[in-house]
Amino acid sequence: MRVAFPYMGTIRIPLVPILKTLGAEAVVPGPPDREVLELGVRLAPEQMCIPFKLTLGNMVRSLELGADTLAYTSGSWSCRYGYYGRLQQVILRDLGYEYRLLDLRHDRIPEIARTVASLSGGDWVLAIGRLARALRLGWHKSAAVDESESAARACLPFAREPARVRRELNRALADIEAADTVRELEALRRGIPARFRAIPRDGLEDAVRVKLVGESYCTIEPFVSFDVARKLGELGVLVDPFLTGHRWLGFHGFRVGADELNRAKRAARRYWRYCVGGEDENSLGHLILAAEQGYDGVVHLHPFGCMPGTVVQPAMQRAAEDYGIPYLALSLDEHSSETGMLTRLEAFVSMMRRRRARGLTPAVSR
Amino acid sequence: MSRTIGICRALHAFDSLVLWQTFLEHLRLDVVVSGPTDRDMVESGARVAPAELCLPAKVFLGHALALRGKVERLFVPRMVCWKADGDRFYGCPKAMALPDMTRALVPELAVVELCLDEREGTEERAFRTLARDLGDGRAWRGALAAAREAQAAAEPAPDGEPAQAAGPRIGVIGHSYLLRDDALSLGLAAKMRRAGAVPVLSDRVRILNTKTPSRRARVGGKLGHLPISVRRRRAQGTSGCAMTCRSPVDIGTARKWGGVPFFPNWWFELELIDAAAALAADPGVEGLVLASSFACGTSPVTNDIIRRMVRVRRPGMPVMEVFFDEHSAEAGLVTRVESFCDLLRMRGPG
């Protein structure tokens with residue numbers, strides 16, 4: 001079985017070994033680029049959101065590379081994300097691609113279990129053993145990736161040469177991809193802080209802190225947002241995304257981190273009573289938590305036309321005013337321009353710096 | 001506290017206004033319904049709303065703004081979840097978050113919400129909670145019965161067969177809050193008539209999807225938040241979906257239809273797919289117009305499903321998509337409607 005899956009950011013690093021350990025072959029096309037985007041835009045309904053177009057483009061690439069099964073998290077709720085798998089299937093069938101759609105949803109667990117068992121030749125004991133090993137390895141890889149990326153983010157605003165941070169991160173990610181055992185990964189993880197500490201700093205010690213919130217694909221996949229986290233880092237901002245690939249897998253795949261989600265939910269409660277998707281409640285909750293923790297600003301990313309991302313904005317704006325924290329919402333689609341985005345970020349950063357120089361921190365932490 | 005409460009004549013009020021209004025009046029409240037949409041409401045709503053919101057939601061906010069100073073409280077429905085055919089169906093995120101959004105953008109009004117979520121409780125419970133929030137927890141039962149009766153009495157008559165009207169018949173698929181509000185859809189139906197066509201609006205379509213009542217349907221005989229077409233089918237005695245808040249289409253049967261690639265779990269989109277299927281099956285209907293708002297999140301999926309369904313059930317039937325937003329201009333719409341009608345006329349019937 002040659003499996004492909006939609007992915008964002010570095011999430012493929014833990015997912016590929018999971019599939020391999022289970023006995024399947026993972027088909028991973030490169031990260032999205034202009035070509036994939038144009039392909040997706042041409043095939044998708046015009047007003048679909050950008051994650052749909054990019055994952056569709058990437059699916060075509062995977063099928064060209066010989067994938068015969070596409071695995072999708074899917075569901076039936078009010079956000080369009082729940083229909084990605086099924087809508088892409090009809091579009092791809094029209095193009096003449098034949099493949100199996102593996103719907104990863106709660107009511108399909110028996111089918112998923114049978115598929116996993118069939119990869120081990122129908123031997124359930126072997127399959128369960130492999131699954132346990134696969135998930136353990138995947139989880140460690142994912143944690144190692146997350147630790148490297150967050151160390152890189154913490155180091156970037158102060159680095160004398162930002163490019164060195166990028167290089168070090170790429171090396172760390174390559175090492176993690178190459179590691180085959182949990183023991184190797186643990187050793188790698190221990191070494192991560194030292195690797196980034198070794199990068200020369202420019203002596204600056206004070207950086208404005210920004211919380212990055214928003215829809216998961218836009219937050220995690222750097223291609224859509226022109227790597228906003230890195231751009232901010234290079235502008236001398238400490239960026240703290242509430243969602244990373246690792247945390248996304250944790251929240252949605254393994255159901256860990258419930259405490260944190262509940263904290264965000266409680267914080268958001270005054271403004272938002274119903275979670276409608278697109279990480280709306282988490283974004284709003286983390287805006288308030290960020291204000292309480294003395295962050296200098298919040299950047300909110302969402303795909304253009306994203307239903308939850310749009311409706312939550314007024315509530316976030318209101319909360320940002322009540323809590324006195326600067327808030328920048330960026331809407332992303334295939335027409336977004338890198339320069340326009342950079343201009344807005346620069347203006348936002350200089351505004352935050354000025355506020356800080358004037359002693360204006362969020363109202364609550366004052 | 002003053003006893004005034006406002007209802008916006010926008011969004012789902014086009015289906016359920018009488019129900020809500022009668023219910024609130026029976027709780028001895030002074031109900032003020034905002035006037036029909038005018039250009040000011042469109043503009044004021046678009047000014048406060050996020051740019052990417054769909055037109056009907058912006059207009060809803062315009063109505064809310066127009067009610068400022070006239071009422072103390074504002075009734076806002078929250079359409080979340082319905083259970084049917086062993087599955088769950090949801091409102092669109094905008095319908096689900098409407099009260100929160102209104103609170104954030106129109107802070108002058110105290111928002112009172114009717115939260116319809118069958119994961120948490122029945123429609124009756126939702127009305128009971130609403131009555132309690134309004135300070136009259138005991139009167140809800142009588143008020144709801146009266147409201148349902150009034151809503152049933154107020155059902156519009158189905159559009160009859162067009163009496164020898166000349167010109168091609170064109171199905172217009174869209175939500176009633178768009179098609180029935182001329183300030184939003186710029187009088188689309190009238191423009192089609194002027195261009196010599198006979199529009200058949202989806203919310204009054206004589207639905208063909210009839211079948212014997214299911215077990216579920218025999219349980220109740222009440223009326224409530226059903227799109228008009230369903231309530232009417234019930235009145236015709238043909239619908240299998242008689243319970244309050246039951247499905248706009250009989251999902252069990254509809255799922256077996258040919259040509260529909262999959263059914264989305266959006267409650268208010270099912271009606272559109274159902275109507276489109278009925279119209280595509282009617283040889284007298286020569287074309288379809290899919291009317292939706294720009295930045296409507298559900299329409300790209302629904303319209304794609306409808307186009308595919310038409311391709312299978314009625315190959316070659318012309319389909320035109322029209323999007324509306326606050327910048328839509330009449331002249332452009334007239335041109336498109338006229339050329340679509342010309343196209344149909346040139347093709348001739350069948």
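The lining of the largest cavity draws at least two residues from each of helix 3 (55-66), helix 4, helix 8 (176-179), helix 14 (267-281), strand 8 (285-293) and helix 15 of chain B. Helices (H or I, at least four residues) and strands (E, at least two) are DSSP runs, numbered from the N terminus. The model is predicted: local features need pLDDT of at least 70, side-chain atom pairs count only at pLDDT 80 or more, and totals for chains, interfaces and linings use all residues. Residues are numbered from 1 along each chain as its sequence is written, chains are lettered from A and ligands numbered from 1 in the order in which they are written, and side-chain values use heavy atoms, with hydrogens and water left out.

In total, 32 residues line the largest cavity, and B:H175, B:Y177, B:E269, B:C296 and B:T298 lie nearest its centre. By class, this lining holds 20 nonpolar, 10 polar and two charged residues. Here Ala, Val, Leu, Ile, Met, Phe, Trp, Tyr, Cys and Pro count as nonpolar, Asp, Glu, Lys and Arg as charged, and the others, Gly among them, as polar.

The rule finds six cavities of 30 Å³ or more. On a 1 Å grid over the protein atoms alone, a cavity is a set of points where a 1.4 Å probe fits but cannot get out, and a pocket is an open set with protein on both sides within 12 Å along at least five of seven lines; lining residues have an atom within 4 Å of a point. Grid points are joined across faces, edges and corners, and a volume is the space filled by probe spheres set on the points.

| Space | Volume |
|---|---|
| Largest cavity | about 310 Å³ |
| Second largest cavity | about 60 Å³ |
| Second largest pocket | about 670 Å³ |

The second largest pocket is lined by 34 residues, of which A:E149, A:R166, A:L169, A:P222 and A:D227 are the closest to its centre. Helix 7 of chain A gives the most to this lining, with six residues. The classes in the lining of the second largest pocket are 18 nonpolar, eight polar and eight charged residues.

The lining of the second largest cavity includes A:T10, A:I11, A:P14, A:E149 and A:H246. Helix 6 of chain A provides the largest share, four residues.

The interface joins 41 residues from chain B to 33 residues from chain A in contact (heavy atoms within 4.5 Å). About 3,100 Å² is buried between chain B and chain A, and carbon and sulfur atoms give 67% of that area. Buried area is the accessible area (1.4 Å probe) that two parts lose on being put together, summed over both. On the side of chain B, B:E52, B:P93 and B:F262 lose the most area to chain A, together 21% of what that side buries.

Two salt bridges cross the interface of chain B and chain A, each a side-chain nitrogen of Lys or Arg within 4 Å of a carboxyl oxygen of Asp or Glu. One salt bridge links the side chains of B:R311 and A:D94 (3.4 Å, N to O). By class, the side of chain B that touches chain A has 24 nonpolar, five polar and 12 charged residues.
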